[in-house]
Amino acid sequence: MPKMRAVQVSRAGGPLEMVEREIPSPPPGFVRVRVEANGICHSDVLTKEGIFPGIQYPRVPGHEVAGVVDALGDGVAAWKVGDRVGIGWHGGHCGHCDSCRRGDFLTCRVDFRITGIAFDGGYADYVVAPAAVLARIPDGMSATDAAPLMDAGATTFNALRFSGARPGDLVAVLGIGGLGHLGVQWAAKMGFDTVAIARGADKEPLARQLGARVYIDSRKQDPAAELQRLGGARLVLATVTNAEAMTATLGGLGPNGTLLVVGAPGEPLQVSAGVLIFGRRSVAGWPSGRAVESEDTMRFAALHGVRPMTEPYPLDRAAEAYDRMMSGDARFRVVLTM
Ligand SMILES: [Zn+2]
Ligand SMILES: [Zn+2]
């Protein structure tokens with residue numbers, strides 16, 4: 001049997017270890033994808049540390065897959081061998097619960113499947129996934145660029161475009177990391193009056209290069225006061241993993257403004273009821289997107305020249321690449337290349 005490389009975790013909190021496995025065959029309704037690149041996401045910690053309830057080991061993490069369809073299971077009609085595709089967070093759904101019947105697969109109550117958690121993901125030479133969760137990669141977009149758009153890109157893109165904010169509205173992106181550096185680019189290209197908020201003056205040139213009209217250095221300035229000085233934000237897209245930094249922007253929301261949370265701090269958010277009530281403000285969250293929405297994300301990126309900034313690592317250095325992501329020093333998305 002032909003073999004492939006896979007980087008697996010064999011117990012909660014265990015190391016990422018390279019193993020050799022048989023190349024799997026796709027069952028009916030599934031495809032096999034030859035992986036070319038896989039973005040490393042902070043959520044891979046759910047697999048690595050066994051945080052996700054019910055996760056079974058050994059498990060191969062990775063839900064930002066970009067590659068080429070390599071084999072088709074029976075009954076797959078929409079794809080052919082050679083198609084360039086991505087696989088993201090959305091790795092499957094039950095298809096018959098009320099959410100699925102409404103097409104809202106991300107809130108499937110019965111069997112929402114996350115790539116790299118429910119089944120083996122992209123830290124490997126091949127992935128087998130349901131045909132229903134593939135997204136087409138546009139011509140001319142490299143696998144290394146496509147991979148981070150499958151989750152980091154789709155999460156920020158969908159959060160912004162479904163937020164209700166309209167062109168010209170004041171939209172702030174909190175944090176310029178793996179998610180935020182994409183968030184700023186989307187916001188600017190969508191026509192929002194884009195503000196970037198981050199720590200330190202050194203991030204300002206990059207924030208402006210990504211499309212921010214205004215930069216707020218939260219080390220020196222009070223983000224809430226600065227946003228109010230600009231008229232109050234319609235939306236703050238919070239991409240950081242620090243609850244205090246998120247709530248420090250609440251006072252900067254204008255009437256009907258929303259703090260939209262896509263980063264996941266370990267600690268709870270402290271929110272003053274008065275701030276919510278008297279300005280009709282809200283705090284909301286956004287989870288990634290459906291496969292077809294990752295495809296929308298990539299198409300928008302291709303149309304408007306949005307690209308992730310990546311640090312590529314070969315698959316055999318996956319453990320080092322993961323540590324690099326966890327360090328918070330990566331600029332900005334660590335991507336495994338096969
Ligand atoms: Zn992710
Ligand atoms: Zn369902």
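Predicted model: local features only at pLDDT ≥ 70, side-chain atom pairs only at ≥ 80, totals over all residues.
**View 1. The zinc site, with protein donors Cys41, His63 and Asp151.** Cys41 sits in the loop between β3 (30–39) and α1, whereas Asp151 belongs to helix α3, so the pair ties together parts that are 110 residues apart in sequence. Both Cys41 and Asp151 are buried.

**View 2. The largest pocket and its lining.** The space in this pocket amounts to about 1300 Å³. Its lining comprises 46 residues, and those nearest the centre are Gly177, Gly178, Thr239, Val240 and Thr241. Two or more lining residues come from each of the helices α1 (45–48), α3 (143–161), α7 (243–247) and α10 (318–327), and from each of the strands β9 (193–198) and β15 (333–337). Sorted by class, the lining of the largest pocket holds 24 nonpolar, 15 polar and 7 charged residues.

**View 3. Strand β5 and its pairing with β4 and β7.** Strand β5 (residues 84–87) pairs with strand β4 (residues 65–72) in the antiparallel sense, over 4 bridges. Within this pairing, Gly86 of β5 stands opposite Ala66. Strand β5 is also joined to strand β7 (residues 134–136), by 3 bridges, and these two strands run antiparallel. Here Val85 has Arg136 in β7 as its bridge partner.

Definitions and conventions: Residues numbered from 1 in each chain as written. Chains lettered and ligands numbered in written order. Heavy atoms only, no water. 1 Å grid on protein atoms, 1.4 Å probe; cavity = no way out; pocket = protein on both sides within 12 Å on 5 of 7 lines; lining within 4 Å. Points joined across faces, edges and corners; volume = space filled by probe spheres on them. Nonpolar A, V, L, I, M, F, W, Y, C, P; charged D, E, K, R; others polar. Donors = N, O, S within 2.8 Å, 3.2 Å for Na, K, Ca; no water. Buried < 20%, exposed > 50% of the residue type's maximum accessible area, 1.4 Å probe, protein only. Pairing = 2+ DSSP bridges.
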